[in-house]
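Keep the structure open beside you as you read.

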Amino acid sequence: MIRFTRISTSLKSLASLAVGCVLYTFTGAPEALAANNVSGFTVVLDAGHGGRDFGCQGRKASEKEITLDVVKRTAAILEKSKEDSINVVLTRNNDTFVALDKRAAIANNASADLFISVHVNSIDKRSKGREKVHGASVYTVGLHKSDANMAVAMRENSVIELEEDFTEVYQGFDPNSSESYIIFELTQNRHMANSIELASLVQDGLIKHAGRADKGVRQAGFLVLWATKMPSILIELDFICNPAAENFLASDAGKQKCAEAIASAVKSYKKAHPGIIQSN
Ligand SMILES: [Zn+2]
């Protein structure tokens with residue numbers, strides 16, 4: 001019944017939003033950041049945030065630093081593993097600001113087989129228990145089943161407000177308005193099953209190998225995942241607002257464990273899908 005109510009509400013809003021929904025194609029020129037097309041199995045690793053966008057801030061570390069470090073470590077492991085022959089493309093390899101639509105465009109232009117966006121979680125400064133909350137979760141794009149999932153998507157999507165022309169590029173998508181999230185109800189994602197498979201592999205590694213608590217594989221309306229054309233996930237490694245988790249995420253050993261978990265999941269996924277090696 002809850003779902004039916006939600007659909008009814010959505011349909012009421014549809015008339016005013018339908019035009020906008022169709023136009024969410026993020027047509028910003030991707031050429032400058034486009035990766036060259038490459039042959040073979042390609043994974044795009046996306047270090048969340050960067051430059052003027054710090055992401056979540058801990059006591060001593062910021063999300064943008066942790067995500068870049070983990071992504072570079074993951075890339076190093078995958079590139080070293082010659083028998084797996086995996087091409088790695090990074091959406092950023094230094095402390096620069098990259099717009100969300102450009103991140104997706106880099107993956108689409110590379111005809112990537114997988115897109116992995118790495119992030120660090122946090123909860124509102126006024127929330128009780130923000131120093132105790134902990135655990136990893138891996139998201140695929142889809143309908144949020146809880147307000148908490150929606151809040152994570154809203155926070156991650158709100159980075160578009162740091163882009164100068166975001167109203168134009170994202171066709172009026174308002175990351176803070178629940179109405180804008182109707183696009184995630186209306187769109188069928190044909191990569192959902194493979195995205196969930198990859199998400200489960202990463203989640204498993206973050207728990208068993210990196211020792212994170214299990215906050216599960218989830219769905220929510222992440223713009224960056226919605227705009228990619230391949231199986232795509234967004235990883236929230238742990239909560240930077242929890243001092244113990246921040247210490248782990250800020251340490252070399254912690255970041256290495258996370259990177260190993262992600263790289264191992266990519267290799268397992270590739271092995272399970274031998275037929276999808278592309279020749280672009
Ligand atoms: Zn983030």
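## A strand on the inside

Let's start with strand β6, residues 232-239: eight of its eight residues are buried, so the rest of the structure largely encloses it. Bear in mind as you look around that this is a predicted model.

β6 has a partner on either hand. With strand β3 (residues 114-121) it runs parallel, and six bridges join the two. One of the pairings there puts V118 together with I235 of β6. With strand β4 (residues 136-141), β6 runs antiparallel, this time through three bridges. S137, for its part, has E236 of β6 as its bridge partner.

## β4, covered on both faces

Now move over to β4. Six of its six residues are buried, so β4 too is largely enclosed by the rest of the structure. In a regular strand, side chains alternate between the two faces of the sheet. In β4, A136, V138 and T140 sit on one side, S137, Y139 and V141 sit on the other, and all of them are buried, so both faces are covered.

β4 also pairs with strand β5 (residues 214-220), in the parallel sense and over five bridges.

## The whole sheet

How do the strands line up, and in what order? Six strands form an open sheet with mixed pairing, and the order is β2-β1-β3-β6-β4-β5. β2 (86-90) and β5 are the edge strands; each has a single partner strand, so one side of each is left with no neighbour in the sheet. From one strand to the next, the twist averages 20°.

At the β2 end, strand β1 (residues 41-47) pairs with β2 in the parallel sense over five bridges. As an example, V43 has V88 in β2 as its bridge partner.

## Helices on the sheet

Which strands does helix α4 touch? Helix α4 (residues 147-157) packs on the sheet against β3, β5 and β6, and its direction makes about 70° with that of β5. Helix α7 (residues 192-208) packs on the sheet as well, touching β3, β4, β5 and β6, with its direction at about 170° to that of β4.

M192 belongs to helix α7. Is M192 exposed, partly exposed or buried? It has 14 C-beta neighbours inside 10 Å, so M192 counts as partly exposed. Apart from its neighbours within four places in sequence, M192 is in contact with T140 and G142. Along the chain M192 and G142 are 50 residues apart, yet their C-alpha atoms are 8.3 Å apart in space.

Helix α10 takes up residues 252-272. Several residues of α10 are buried, among them G254, C258, I262 and Y269.

Two packed helices are described by the angle between their axes and the distance between the axes. For helix α2 (residues 63-80) and α10, the axes come within 8 Å and cross at roughly 50°. The two are therefore oblique to each other, and α2 passes α10 in a right-handed crossing. On the α2 side the contact is made by I66, D69, V70, R73, T74, I77 and L78; on the α10 side it is made by K255, Q256, C258, A259, E260, I262, A263 and V266.

## Two loop residues to look up

Finally, here are a couple of backbone details. S111 lies in the loop between α3 (100-109) and β3. Its phi is near 50°, a positive value in a residue other than glycine. S111 has 16 other C-beta atoms within 10 Å, so it is partly exposed.

Where is Q171? Look in the loop between α5 (166-169) and α6 (183-186). Q171 is not a glycine either, but its phi is positive, at about 50°. With 18 C-beta neighbours inside 10 Å, Q171 counts as partly exposed.

Note on methods
Residues are numbered from 1 along each chain as its sequence is written. This is a predicted model: local features need pLDDT of at least 70, side-chain atom pairs count only at pLDDT 80 or more; totals for chains, interfaces and linings use all residues. A residue is buried if 20 or more other C-beta atoms lie within 10 Å of its own, exposed if 12 or fewer, and partly exposed in between; C-beta atoms are placed from the backbone. Helices (H or I, at least four residues) and strands (E, at least two) are DSSP runs, numbered from the N terminus. Two strands pair if DSSP finds at least two bridges between them. Axes are lines fitted to C-alpha atoms, for helices over the stretch in contact, and angles run from 0 to 180 degrees between N-to-C directions. Two residues are in contact if their C-beta atoms, placed from the backbone, lie within 7 Å. Angles under 35 degrees count as roughly parallel, over 145 as roughly antiparallel, 65 to 115 as roughly perpendicular and the rest as oblique. A crossing is left-handed if the near helix is turned anticlockwise from the far one by less than a right angle, and right-handed if clockwise.
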